[in-house]
Amino acid sequence: MDDTLAGAGSGAGAAPLIAALESASPERAAARAAAQAAVDWDEVHRKLARRNADLEATFAGRGPWADAVLARRAEDLAEIPQLHGEESTGIPMLVARGAETHYGLELRHLGHIVPMPRLARVPGAPPAVLGVIAVAGRVMRLFDLDRLCNGPSASVSAALLSRADAGTDPSGYAIVLRTGAGRPAALRVREVERVADIVPPRGSAPVEAGPLVRAIAADRMAILDMAALLDLVKT
């Protein structure tokens, strides 16, 4: 019996069996129990809970790690030249043409744009007021944009109007302005060319451009001061 066990123990397949028997001995079982008793499982659970809370805070954009990422992102954005942002954004404008001048009008201040409707003259009206028109059931004064801006084309516009039929304005378009609670008004232009995002130049327009011109673009387009224009036509 002993020889058989000894022979089995000396064989290649005996090592796993011996290891299993040794691990099952009372001494080793007591040592293993003592080691397990030395582990503070409450502390382990607290560490896991803190780690999970940190992960959740990070994914939610909170916590030190998330703050560090946001700070680095802010630094990266601050390194982008200001000029790049200005080149990529502009003000949506309608580009329209008078008799000789191109104008830029901010779209947010404009309503309807219609081919020139029938015009009723108003005796004694200021030179810039061509008369009254009806657009979408609303009666409003029609201003000649060239005359309002007192540009070099004002005389050309006046000559065209003098040759026009008494009840009909020359060819062109009426741009209805958003005047809010003020008196409704429209602008007369010769052509409506396009809508574009335009970045106004930094410098102000020269004094001789008049109080309604905010700036002069590189292509000699007059960018209008819409606040001043609306104040003028609403009175």
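Strand 3 and strand 6 run antiparallel and are joined by 4 bridges. Strands here are DSSP runs (E, at least two residues) and helices are DSSP runs (H or I, at least four residues), both numbered from the N terminus. Two strands count as paired if DSSP finds at least two bridges between them. Isoleucine 113 stands opposite isoleucine 175 in strand 6.

This is a predicted model, in which local features need pLDDT of at least 70 and side-chain atom pairs count only at pLDDT 80 or more, while totals for chains, interfaces and linings use all residues. Residues are numbered from 1 along each chain as its sequence is written, and side-chain values use heavy atoms, with hydrogens and water left out.

The open sheet has 5 strands in the order 3-6-7-5-4, with mixed pairing. Strand 3 (110-115) and strand 4 are the edge strands, each pairing on one side only. From one strand to the next the twist averages 30 degrees; axes are lines fitted to C-alpha atoms, and angles run from 0 to 180 degrees between N-to-C directions.

| Strand pair | Sense | Bridges |
|---|---|---|
| Strand 3 and strand 6 | antiparallel | 4 bridges |

Valine 132 has arginine 141 in strand 5 as its bridge partner. The hairpin of strand 4 and strand 5 has 2 residues between the strands, and alanine 136 takes a positive phi near 55 degrees in this hairpin. Strand 4 (residues 129-135) is mostly covered, with 5 of its 7 residues buried. Buried means under 20% relative accessible area, exposed over 50%, and partly exposed in between (1.4 Å probe, protein chains only).

**Threonine 179**

Threonine 179 lies in the loop between strand 6 (173-177) and strand 7 (185-189). Threonine 179 counts as buried because its relative accessibility is 6%. Apart from neighbours within four places in sequence, threonine 179 is in contact (heavy atoms within 4.5 Å) with Pro184, Ala185, Leu230 and Lys234.

**Totals**

The protein has 9 helices and 10 strands. Of its 235 residues, 30% are buried. Among contacts between residues at least 6 apart in sequence, 55% join residues at least 24 apart. The accessible surface (Shrake-Rupley method, 1.4 Å probe) comes to about 14900 Å², and 58% of this belongs to carbon and sulfur atoms.
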